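Please consult the sequence and the model shown below while reading.

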Amino acid sequence: MSKIRTAVVGLNMGLEHAHAYKLAERSELRWVVDLDEERAAKVAEELGCSYTTDWTSILDDVDAVSLCTPHHLHAPQALQAIAAGKHVLLEKPLANSEQDCMNVIRAAEAKNVTLMLAFVVRFLPAIRKLKEAVDSGQYGRPVSAQGWVEAYLNPVPGTWFASKEKLGGGVLFSHGCHYIDILLYLLGEPARVSHFGTRVGTEWMEGEGTSHGIIEFKSGALAHLVSSWGMKYKKTPAKFQLHMTEGMLELDNSMWKVLAVSKSGTETLYERPKEYPVRPGQNVLFEIEHFLESIATGRRPETDGHEILKSHRTIWAMYASLGVPVNL
C-alpha cells in the first residue's frame, strides 16, 4: 500500500504527532509547520522532512494533516483543510461551539474525508484494558468512579490560553475533556450532570482553573472528576478509581498500569510491556495508527466528530448547570 503523505501544523502538542507519524509505517511525514520558523526548521531537520510557517501552502502536497493549533482556530482551519479534500486529525476540542462542531462534521461527511479527534487517552493500552475489565462483568457493575487530573501551569496572562473565548471555557473543556470522554467510554450514557469551577490560584485565566464535575449515569453509577491547572503540590492516589459491586479497578497516574482489587486479592491486569520503547511520539502512536488505518480502510474512526460531541455536550451542560443538576 502506498504511504499516506502527512503534515503536522503546530509544534506544541503537534511535536508528539510529528514523531509518531515518523514512526508509523503507513505514514510519509512530509511537512511540519509552526509560526516559529526556527523551531519548525529544527524539528524538520531532526525528522527528515520539510518545514514552513504557512500551512495553507502545503495542502497540495499532503493527503492528511494533524491540526494542533489553539482551540479557536480548529473550526476554520479544519474547514479549510476539508475543503481541500484532506483527511484531518484534530487536536481536542473539535471546536468551541456546537454549531462550529456540526459545521466541521458535516463538511467532512460531504467531502467524504476522514475526520478524527486526537483524544489520545482513549487509545492507550491501559485504558483499553480498563474498558475490557469493566465490560467483562467479572467485577460486577460500576457504582462510583473518581478521577484526578491535577497539574500546575505557570501564569501566562495575555496569551490565548488565558482567554475563555479562545480556550472554549476553562480547564474542564481544555484538559478535562479527555477524561470526561473516558468516563463516558467506560460507564455509558449520562443522565444528569453538575459542575463547580473556580479561578482561585489561576486568576490569570478567564475561565475556571480548577473544576469539580459530577455525572450521574443512566445505569445509576456516579462519577466525580477533579481537573486543575492550579495545584502546585499534589499526591493523587491514581488517575482513576472505579468502584464496582464486586471489586475496584485502578488506573495509576502514569496511565500504564491497571490494578484490580477483589475478594481474590490484588491483581495487575496490565502493565507497560518492557518492549514498549520510551521515545518521543510513543504515547500518541496508538491514535496516529488508528487515524491512518481509518484513512486506508475507509472505516469510521472511533473518535469521530459524532462520538466526541458526546463529551463536549456533557461539558457544556456542566457549565450551564452552575452547580445545579442538569438533566440530559
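Which residue of β5 is the bridge partner of V65? The bridge partner of V65 in β5 is V88. The model is a predicted one.

**The open sheet**

An open sheet is formed by 6 strands, in the order β3-β2-β1-β4-β5-β6, with parallel pairing. At its edges are β3 (50-52) and β6, each of which pairs on one side only. On average, neighbouring strands of this sheet are turned by 20° against each other, direction ignored. In general, the strands of a sheet pair through backbone hydrogen bonds, in either a parallel or an antiparallel sense.

| Strand pair | Sense and bridges | Facing residues |
|---|---|---|
| β1 (residues 4-9) and β4 | parallel, 4 bridges | V9 and L67 |
| β4 (residues 64-67) and β5 | parallel, 4 bridges | V65 and V88 |

Strand β5 (residues 87-91) has 5 of its 5 residues buried, so it is largely enclosed by the rest of the structure. Both of its faces are covered: H87, L89 and E91 are buried on one side, and V88 and L90 are buried on the other.

Helices link β5 to the strands with which it pairs. With β4 and helix α3 (residues 74-83), β5 makes a right-handed β-α-β unit. From β5 the chain then crosses through helix α4 (residues 98-111) to β6, and this β-α-β crossover is also right-handed. Helix α1 (residues 14-23) lies across β1, β2 (27-33), β4, β5 and β6, and runs at about 160° to β1.

**Nonpolar cores**

The largest nonpolar core comprises 98 residues, and L183, L242 and L249 have the most contacts inside it. Helix α7 (residues 171-187) supplies the largest share of this core, 11 residues. When neighbours within four places in sequence are set aside, L183 is in contact with A145, G188, I215, F217, A223, L225 and F240. Another core, of 6 residues, lies apart from the largest one; among its members are A162, L167, V171 and W204.

Methods
Residues numbered from 1 in each chain as written. Predicted model: local features only at pLDDT ≥ 70, side-chain atom pairs only at ≥ 80, totals over all residues. Heavy atoms only, no water. Core = buried A, V, L, I, M, F, W, Y, C linked by side-chain atoms within 4.5 Å. Buried < 20%, exposed > 50% of the residue type's maximum accessible area, 1.4 Å probe, protein only. Helix = DSSP H or I, 4+ residues; strand = E, 2+ residues; numbered from the N terminus. Contact = heavy atoms within 4.5 Å. Pairing = 2+ DSSP bridges. Right-handed = clockwise from strand over helix to strand, strands pointing away. Axes fitted to C-alpha atoms, helices over the stretch in contact; angles between N-to-C directions.
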